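Work through the exercises below with the sequence and the model open. Each task is followed by a solution in steps.

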Amino acid sequence: MALNFMLRRASSSLIPLAIRTVGSPRTFHSAISAVLGAEKCSFSRSSVVPFQRFSTKPTSDEKLIEVLESEINCSDQPSEKQIPDEFPFEFQDNPGERTILLTRKYQDEIIKVEVDMPNVDDEEDEDEDEVDNERKEINDSIPLVVSITKGSGTCLEFGVTALPDDIQIDHLSMKRPENSEDQLAYDGPEFTELDENLQKAFHKYLENRGIKPSTTNFLLEYMINKDSKEYLHWLNNLKKFIEK
């Protein structure tokens, strides 16, 4: 019985001491709750793996990337084309554009030539009766727009198709200066309907101004190479976009 009395007395003295240490009974309960909460949070952070959102591409996208990579690897690799020293025009080639611009001065004229991407046409000629003459002809061509402007501002414009060692004039027209709304409405007949001597004279007219086979043959090679370069650049841009 004396032992029970001593235990109750020790207990009654320790509880007020604990309360005084942390403040009021409400503070004591808050402190205990904070400790338990901290332990709970610590347990949650250490034992629970946070949810992560993984970005996965559809299978169709991955297949497209594979096909693009294959096409890039199989595509013709472009080379650097050096412009000949005797080339009669100044060159302006902006990467990413499908055309190039040539300019030059000839006497009192300003000549501009816009050269577009090549038209590649594979044709196979077969003569069943003459197997020895069987061959494959590749007719590559590039379209050109040749503008010849004089001091008055009036422009003579030719639509030209350049093939290997050959130049064809498709049409010609005359135009007023850009700052004029007037247009010379009558452009004449079709070029092929002109007198043959007149057609030859116009060909000589362009030749004197640098539009001749030696010029257009280089342009044909240059534009075929540019076509490969732009195509490869386009494929790589597509691949980068799909991979993002």
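Cys74 is exposed, with a relative accessible area of 62%; exposed means over 50% relative accessible area, buried under 20%, and partly exposed in between (1.4 Å probe, protein chains only). The model is a predicted one: local features need pLDDT of at least 70, side-chain atom pairs count only at pLDDT 80 or more, and totals for chains, interfaces and linings use all residues. Residues are numbered from 1 along each chain as its sequence is written, and side-chain values use heavy atoms, with hydrogens and water left out.

**Exercise 1. State whether Cys155 is buried or exposed, and give the count of disulfides.**

Step 1. Cys155 has a relative accessible area of 11% and is buried.
Step 2. A disulfide is taken as a pair of cysteine sulfur atoms within 2.5 Å.
Step 3. By that rule there are zero disulfides.

**Exercise 2. Describe helix 4 and find which of its residues are buried.**

Step 1. Helices are DSSP runs (H or I, at least four residues), numbered from the N terminus. Helix 4 covers residues 196–208, which is 13 residues.
Step 2. From first C-alpha to last, helix 4 reaches 19 Å, close to the 18 Å expected; the expected span is 1.5 Å times one less than the number of residues.
Step 3. Gln199, Phe202 and Leu206 are buried in helix 4. Seen down the axis, the buried residues of helix 4 fall within an arc of 60 degrees, so they line one face; the arc is that of the directions from the helix axis to the C-beta atoms.
Step 4. On the face turned away from the buried side, helix 4 carries the exposed residues Asn197 and Lys200.
Step 5. Just after helix 4, Gly210 has a positive phi of about 100 degrees.

**Exercise 3. Which side chain meets that of Lys200 in a salt bridge, and where do the two residues lie?**

Step 1. A salt bridge needs a side-chain nitrogen of Lys or Arg within 4 Å of a carboxyl oxygen of Asp or Glu. By this rule the count is 10.
Step 2. Lys200 pairs with Glu196 at 3.7 Å, N to O. Both lie in helix 4, four residues apart, about one turn.
Step 3. Lys200 is exposed at 52% relative accessibility, and Glu196 is exposed at 53%.

**Exercise 4. Examine the salt bridge between Glu230 and Lys226.**

Step 1. The N to O distance for Glu230 and Lys226 is 3.0 Å.
Step 2. Both residues lie in helix 5 (residues 213–243), four residues apart.
Step 3. Glu230 is buried at 14% relative accessibility, and Lys226 is buried at 4%.
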